[in-house]
Amino acid sequence: MQKRVCLKDIAQKVGVSTALVSYVLNNQKVDRIRKEVAQKIKDTARELNYRTNHIAKSLKTNKTFTIGLIVADISNSFSSSLARIIEDEAEKNDYTVIFGSSDENGQKCAKLIQVFLNHQVDGLIIAPPFDAADQLRSLQQQNVPFVLIDRFFPGLEAPFVAIDNYRAAFSAVEHLLANGYRRIGFVGFDSPLNHLQERGRGYRDALRQHGLPPEARQIKSLPLSFTHRQVEQAIDELLALPEPVDALLFVSNLLSTHGLKYLNTLDLSVPADLGVVSFDQSDAADLFYAPLTHIHQPLREMGRQATQMLLESLGSPKAPARGVFMEAELVMGKSSRRYEVGNTK
């Protein structure tokens with residue numbers, strides 16, 4: 001095996017001290033060193049294929065400069081986009097992100113947390129499954145810095161970044177009502193996750209405020225691990241009611257993706273016969289003939305904020321826990337604007 005190049009090897013070849021080489025390669029006090037000397041050190045390091053000894057560096061700084069990220073499902077465009085934003089923000093601060101998917105499974109989430117801790121990550125950013133509260137309390141007892149993203153637990157005092165899901169769902173229903181829809185169906189999840197519960201609460205309260213008591217038969221709750229057939233069945237049942245729904249609110253981009261695909265096969269017109277609004281949208285929604293009205297979550301701001309909150313906590317472990325709510329934006333598409341196609345009923 002080839003001997004690993006160390007700082008001393010570079011120093012001997014250039015004819016300077018090991019400390020000077022360390023200063024240059026760690027971008028310290030470079031302004032005090034002649035440019036030609038600094039450049040020669042960098043060129044020699046590259047020539048000798050020098051690689052930073054992160055183990056030695058972590059022993060010196062008591063940091064590994066790594067962050068563990070746990071999302072629900074990295075294959076979901078929401079999770080993958082968020083992961084990339086966090087990765088980019090961390091890199092600006094010389095941190096590397098390693099990540100995994102919990103699949104909304106508390107045991108898998110616990111296993112990932114332990115793997116990350118074994119790798120001595122400096123902190124964690126977590127989109128927790130519904131049964132992760134005890135795991136998070138354990139992290140607090142161990143003084144492990146973490147920030148929750150997209151979700152939080154009302155009974156747990158921990159830093160988080162999320163949108164106001166209640167207000168987002170409320171505004172989506174009000175938009176549909178303003179466009180003449182009155183029988184609004186809700187396609188969501190059978191889950192105790194707080195952010196999903198809040199979307200349902202916003203839906204129900206918006207209807208009540210406009211004199212339309214929510215009906216249980218207009219609400220479909222699917223398992224988190226749903227199949228496309230379950231989405232189709234939910235839509236069929238809502239359209240087969242004695243008074244069929246005239247609009248649908250999907251609580252996730254995955255649900256709406258399957259829903260739009262199925263609606264394409266039905267003998268009805270969006271938005272004339274049926275209005276559609278979704279939380280987020282996937283690229284597949286661009287292929288639907290009526291551009292999708294959707295609730296846009298500020299992922300870039302959420303990812304940046306969560307990363308900065310974690311990095312701040314690493315620099316100040318006793319920083320008080322704080323939650324940040326961000327406003328979502330209702331992006332208007334044609335899928336819910338019935339009046340614009342001439343129908344004013």
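**Briefing: a sheet, a helix pair and a buried glutamine**

A162 has F325 in β11 as its bridge partner. The model is predicted.

**Sheet**
- β5 (residues 160-163) and β11 run parallel and are joined by four bridges.
- Both strands belong to an open sheet of six strands, in the order β2-β1-β3-β4-β5-β11. Its pairing is parallel.
- The edge strands are β2 (96-101) and β11 (323-326). Each has a single partner strand, so one side of each lacks a neighbour in the sheet.
- On average, neighbouring strands of this sheet are turned by 15° against each other, direction ignored.

**Helix pair**
- Helix α10 (residues 228-239) and helix α11 (residues 253-263) have axes that come within 9 Å. The axes cross at roughly 65°.
- The crossing of α10 past α11 is right-handed.
- From α10, the contact takes in H228, V231, E232, I235 and D236. From α11, L255, H258, G259, Y262 and L263 meet them.
- By class, this contact of α10 with α11 has five nonpolar, three polar and two charged residues.

**Q297 site**
- Q297 lies in the loop between β10 (293-296) and α12 (299-315).
- Q297 counts as buried because its relative accessibility is 2%, and the cut-off for buried is under 20%.
- The side chains of Q297 and D280 are joined by a polar contact of 2.8 Å.
- Leaving aside residues up to four places away in sequence, Q297 touches F78, D150, I163, R199, D280 and M302.
- One of these, I163, falls within β5 (residues 160-163).

Note on methods: Residues are numbered from 1 along each chain as its sequence is written. This is a predicted model: local features need pLDDT of at least 70, side-chain atom pairs count only at pLDDT 80 or more; totals for chains, interfaces and linings use all residues. Side-chain values use heavy atoms; hydrogens and water are left out. Axes are lines fitted to C-alpha atoms, for helices over the stretch in contact, and angles run from 0 to 180 degrees between N-to-C directions. Helices (H or I, at least four residues) and strands (E, at least two) are DSSP runs, numbered from the N terminus. A crossing is left-handed if the near helix is turned anticlockwise from the far one by less than a right angle, and right-handed if clockwise. Contact means heavy atoms within 4.5 Å. Ala, Val, Leu, Ile, Met, Phe, Trp, Tyr, Cys and Pro count as nonpolar, Asp, Glu, Lys and Arg as charged, and the others, Gly among them, as polar. Buried means under 20% relative accessible area, exposed over 50%, partly exposed in between (1.4 Å probe, protein chains only). A polar contact is a pair of N or O atoms within 3.5 Å; within protein, one must be able to donate a hydrogen and the other to accept it, and residues adjacent in sequence count only if both atoms are side-chain atoms. Two strands pair if DSSP finds at least two bridges between them.
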